[in-house]
Amino acid sequence: MKDAVYLDKSKRKYKGNLHLHTTWSDGSQEASEVVAAFKAMGYDFISITDHDVFARTAEYNTESFLVLPGMERGGLNLVPDEDPGYHFGVLDDPTVESDKDRFQHLQTFEVPIPWEGQQSPQKLIDDMRAHGNLVVFNHPEWHLTRFEDMVRYDGFFAIEIYNHATEWTTSSSYGAAYWDHALQNGKRVFGIAADDSHDHDPSCKIPEYGGGWVSVEAEELSQASIITALKKGQFYSSSGPEIFDFRVENGFVHVECSPCQYIMFKAFPLRGPFHVEREKGELMTSGSMVIQKGMNYIRVECVDEKGRIAWSNPIFVEDLAEEE
């Protein structure tokens, strides 16, 4: 079995939010105010993803802060408000050539999208990709998405596994079960945590923003570098804890993190140790698990004392096989 490094504690990681809204759709603050809010919280990048309005805002980019072009494309329901809807995060990918023209700043799109049968979500995903974009399957739990949709549809590179804004609204913020369903059926997709924030008022007692993010191990703070790292899965997602290092050495998965009460290894189809026990009530900052024969993928969840989670991306065990 080969060794592999997925996150390296010696390398720089960039904190970002890939799902938020401004007054260009249903947010309460203008783009400049939103940029200022995330800068103040120490973020390195965001993507403005307004509903069916593409944002391309290079004027906010600096050496220490980046705004990725994007939007949220949705309004696709068989029966509005009575059938699972589909919202997709859309991120401009400068590393690929596009079959169609790339979306322009404040370009708007039709809502609702005509339902043309079960193939409609796939048609939408394919169209977004043809215009040179990455696609994220947003908040499946909030939309009561069918689990089979994780397998039926292709072309999304990640699933939104934590959506902070729905934590206290409909209590439907977690989507990891959908992620596992996709992974267990052979999909190679990553997990993303995000805010889906509409209000960015720092005076709020329970802020709607800053609760879910990705930490990306990229070569530099540039659109191409961040997107490349996202596509490779060189990031972790979090609602609180940090993952510093994640690797395979000598047949073991090792993780190093900020102090947590549990480190849980999610392996399929053999679970392996469900969690690493802490000794004498001490919080843990590392954990390891042996990779057992028959495992298809392994991912890690680090849970702090407040119940907040950091999610690693999956290790696909077949990638570790020695070449003959």
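Modeller: Cysteines to begin with. A disulfide is a pair of cysteine sulfur atoms within 2.5 Å. Keep in mind that the model is predicted.

Biologist: How many disulfides does the structure hold, then?

Modeller: Zero disulfides.

Biologist: What is the closest cysteine sulfur to the one in Cys257?

Modeller: The sulfur in Cys302, at 3.9 Å. The cut-off is 2.5 Å, so that is too far for a bond.

Biologist: OK, rings. How many aromatic pairs are there?

Modeller: The structure holds 16. One of them is Phe147 with Tyr178, and that pair is stacked. The centres are 4.1 Å apart, with 5° between the planes.

Biologist: Where do Phe147 and Tyr178 sit in the chain?

Modeller: In distant parts of the chain, 31 residues apart. Phe147 is in the loop between strand E9 (133–137) and helix H3 (149–152). Tyr178 is in helix H4 (residues 176–184).

Biologist: Buried or exposed?

Modeller: Phe147 is partly exposed, with a relative accessible area of 36%. Tyr178 is buried, at 8%.

Biologist: And Tyr162 with Tyr174, what kind of pair is that?

Modeller: A tilted one. The ring centres are 5.1 Å apart and the planes stand at 55°.

Biologist: What about accessibility for Tyr162 and Tyr174?

Modeller: Tyr162 is buried, with a relative accessible area of 4%. Tyr174 counts as partly exposed, at 32%.

Biologist: Which residues do ring pairs link into a cluster?

Modeller: Tyr86, Phe88, Trp115, Phe137, Tyr153 and Phe156.

Biologist: I was looking at Lys123. Where is that relative to Tyr153?

Modeller: Their C-alpha atoms are separated by 9.5 Å. Along the chain they are 30 residues apart. Lys123 is found in helix H2 (residues 120–130). Lys123 counts as partly exposed, at 47% relative accessibility.

Biologist: Which residues lie over the face of a ring?

Modeller: Lys15 lies over the face of Trp213, at 4.0 Å from the ring centre. Arg188 lies over the face of Phe316, at 4.3 Å from the ring centre.

Biologist: Back to H4. Which of its residues are buried?

Modeller: Ala176, Tyr178, Trp179, Asp180, Ala182 and Leu183.

Biologist: What covers the buried residues of H4?

Modeller: The cover includes H3 and E10. It also includes strand E11 (190–194), strand E19 (297–303), strand E20 (309–311) and strand E21 (315–316).

Biologist: What comes just after H4?

Modeller: Gly186, with a positive phi of about 90°.

Biologist: Switching to sheets. What order do the strands take in the open sheet of four?

Modeller: E1-E14-E15-E18, with antiparallel pairing.

Biologist: Which strands stand at the edges?

Modeller: Strand E1 (4–7) and strand E18 (284–290). Each has a single partner strand, so one side of each is left without a neighbour in the sheet. Neighbouring strands here are turned by 15° against each other on average, direction ignored.

Biologist: How many bridges join E14 to E15?

Modeller: Six. Strand E14 (residues 243–249) runs antiparallel to strand E15 (residues 252–260). Arg247 has His254 in E15 as its bridge partner. Glu249 has Phe252.

Biologist: And what do E14 and E15 form?

Modeller: A hairpin, with two residues between the strands. Asn250 in the turn has a positive phi of about 55°.

Biologist: What about the pairing of E15 and E18?

Modeller: Antiparallel, over six bridges. In E18, Ser288 is the bridge partner of His254.

Methods: Residues numbered from 1 in each chain as written. Predicted model: local features only at pLDDT ≥ 70, side-chain atom pairs only at ≥ 80, totals over all residues. Heavy atoms only, no water. Phe/Tyr/Trp six-rings, centres within 6.5 Å; stacked < 30°, edge-to-face > 60°. Buried < 20%, exposed > 50% of the residue type's maximum accessible area, 1.4 Å probe, protein only. Lys NZ or Arg CZ within 6 Å of the ring centre and 35° of its normal. Pairing = 2+ DSSP bridges. Axes fitted to C-alpha atoms, helices over the stretch in contact; angles between N-to-C directions. Contact = heavy atoms within 4.5 Å.
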